[in-house]
Structures are given as structure tokens and as C-alpha cells.
Amino acid sequence: MNTKKGTALVTGASRGIGRAIAMMLADQGYDLVISSRRSAEDLEKVKKNMIEKGVRCLSFLGDMGNAQDVKRMVSSIKTEGFSMPSVVVNNAGISYMGLLTDMTDEQWREIVDTNLSSVFYVCRECIPYMVHQKEGHIINISSVWGCVGASCEAAYSSTKAGVNGLTMALAKELAPSHISVNAIACGAVDTDMNACFSEEERKALTDEIPAGRMAKPQEVAEALLSILHAGEYLTGQVIRLDGGWI
């Protein structure tokens, strides 16, 4: 493992893409702050793995789509003696498949809060510390559907388009402070979020992808690491990771 590099915050880190990113950042020598909305047991397993890698890890069970929960998380970072994050990965997200006209008000609010408002709340709390230090990376995990839209995923596509827009705008605000802001627009990734597909549906999907398969969560983590290594001049980019799909 590399030498200590400060603290990284990864939301939605109990499984899938978030877990893979947290594990890779731990391998790079970062202390970790990880969050999950409901999966306490899975989150603690990830924390145990972090500690076994020789880094400190603070786990937080809370809703990143709730401003007060985010404030409590950031407060706990301070009280537990961690440095404020120099790397922030906004990964918390949920999906909804179905006709827009079938969505309830509550379902709309939930996906907007979880996928988009969470990015705003986390960034709002962490940016002042990054600006003070004149350094930092914010990487938002988005989707190709935020770039082109998907039928029966209008709400999800809308939130990810919002994440992309926020990424590009915030990059301009923070570039003078040497803080980079980028997004990874993922295609189909083999996670629990896509476990709803039948074998037939999975085959039909992968047949559409020139690479012939879904991405692995580890590949998203590797893409994120390459962004970190690129330096601050790479900013304001929405980088597609989709195997040539879109």
C-alpha cells in the first residue's frame, strides 16, 4: 500500500461501484469516510476491509439526500479526528424503471433527492474546506442516460443530466481554487442495481454493447483513479465509460 494521502469520502459505499472505489482508494493510502442509507451490515463489512488494509475508516449510516444527515456526517468527520476529505466521490444513487406517468410524487422526490440533491448537499459541506486548502477532487458517478436519456427511465435520466450539469458548472467555480470536478458517466455495470434483469434481458443488453459485456465495478474504480492521477487541469468533464455503447 502507498503512503498516507489524506481522507477520501465515498457515498453509497456499501456495495457495487461505491465499494470498489472505496477499496481502491484504501489501496492507494487514503483514509476513508463511507456512507450508506440502509445497508448497515454491508457497510460495516466494507469498513472492516478498510481497516485490514491499514487505513482508518469512518462509516456513517444516513441519507445523503437529507441535508441534516449530510451535516451530521461532516460533523462526525471532525469529531472523530479525521482530516476533511480532499477527494469526494458522490456515488449514492437509486434507479426507477417505468413510465413517468406511473410515478408518484414520493417516488419522484426520492430519486431527485438521492441522485441529485445528495451531490449538492455533500459538495456544499465539503467545498469550503477544499477551498481553504486550495486543492481537491470531486468526482460524481453519473450515467450515460444523463447524456442521452432512456425510455422508461425519464426520472433517472433527468437526475443524472442534472449531475452532469452541476459537474460542469461547479468545475468553473472551483478551478481558480485548484479543485477539479469531473463525472464518470457509466454505461451498464454489473451491480445489484442491474440484477433485476433476466438472463435473456442481460444477453439482449450485452449484444448492444460493442465490448460485448457489462463493465465491472472495479473498472469504474480504475477510471476514477486515472482521473485523480491526471491532475487539476482535467476538470469539467463528463467521461463516458460504456464499452462503446452510446
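# Close-up views of a predicted model

**View 1. Helix 1 and the residue that follows it.** Just after helix 1, G29 adopts a positive phi of about 100°, in a model that is predicted. Helix 1 itself covers residues 16-27, and at 1.5 Å a residue its 12 residues should span 16 Å, which agrees with the 17 Å that separates its end C-alpha atoms. Nine of these 12 residues are buried, so helix 1 is largely enclosed by the rest of the structure. The buried positions are I17, G18, A20, I21, A22, M23, M24, L25 and A26.

**View 2. Cysteines without disulfides.** Across the whole structure, the search for disulfides finds zero. C57 takes part in no disulfide, and the nearest cysteine sulfur, which belongs to C126, is 15 Å away. C186 is likewise in no disulfide, the nearest cysteine sulfur being that of C147 at 10 Å. C57 counts as buried at 9% relative accessibility, and C186 counts as buried at 4%.

**View 3. The tilted pair of F120 and Y121.** Two aromatic pairs are found in a search of the whole structure. One of them joins F120 and Y121, whose rings lie 5.4 Å apart from centre to centre with 50° between the planes, a tilted arrangement. F120 is partly exposed, with a relative accessible area of 42%, whereas Y121 is buried, with a relative accessible area of 18%.

**View 4. The edge-to-face pair of W145 and W245.** The ring centres of W145 and W245 are 5.1 Å apart and the ring planes meet at 65°, so this pair is edge-to-face. W145 belongs to helix 5 (residues 145-148) and W245 to the segment after strand 7 (238-241), so the pair ties together parts that are 100 residues apart in sequence.

**View 5. An arginine over an aromatic ring.** R56 is placed over the face of F82, at a distance of 4.0 Å from the ring centre.

**View 6. The salt bridge of E110 and R38.** The count of salt bridges comes to 10. In one of them E110 pairs with R38, and the closest N and O atoms are 3.9 Å apart. E110 lies in helix 4 (residues 105-133), while R38 lies in the loop between strand 2 (31-36) and helix 2 (40-52), so the pair ties together parts that are 72 residues apart in sequence. E110 is partly exposed, with a relative accessible area of 31%, whereas R38 counts as exposed at 61% relative accessibility.

View 7. R109 forms a salt bridge with E106, in which the closest N and O atoms are 3.5 Å apart. The two residues, R109 and E106, are three residues apart in helix 4 and are therefore separated by about one helical turn. An α-helix has 3.6 residues a turn, so residues three or four places apart point the same way. R109 is partly exposed, with a relative accessible area of 44%.

View 8. The side chains of D190 and R202 meet in a salt bridge, at 3.3 Å from N to O. This pair links distant parts of the chain, with D190 in the loop between strand 6 (179-186) and helix 7 (199-208) and R202 in helix 7, 12 residues apart. D190 counts as partly exposed at 39% relative accessibility, and R202 counts as partly exposed at 22%.

Conventions
Residues are numbered from 1 along each chain as its sequence is written. This is a predicted model: local features need pLDDT of at least 70, side-chain atom pairs count only at pLDDT 80 or more; totals for chains, interfaces and linings use all residues. Side-chain values use heavy atoms; hydrogens and water are left out. A disulfide is a pair of cysteine sulfur atoms within 2.5 Å. Buried means under 20% relative accessible area, exposed over 50%, partly exposed in between (1.4 Å probe, protein chains only). Helices (H or I, at least four residues) and strands (E, at least two) are DSSP runs, numbered from the N terminus. The expected span of a helix is 1.5 Å times one less than its number of residues. Rings of Phe, Tyr and Trp (its six-membered ring) pair if their centres lie within 6.5 Å; planes under 30 degrees apart count as stacked, over 60 as edge-to-face and the rest as tilted. A charge sits over a ring if NZ of Lys or CZ of Arg is within 6 Å of the ring centre and within 35 degrees of the ring normal. A salt bridge is a side-chain nitrogen of Lys or Arg within 4 Å of a carboxyl oxygen of Asp or Glu.
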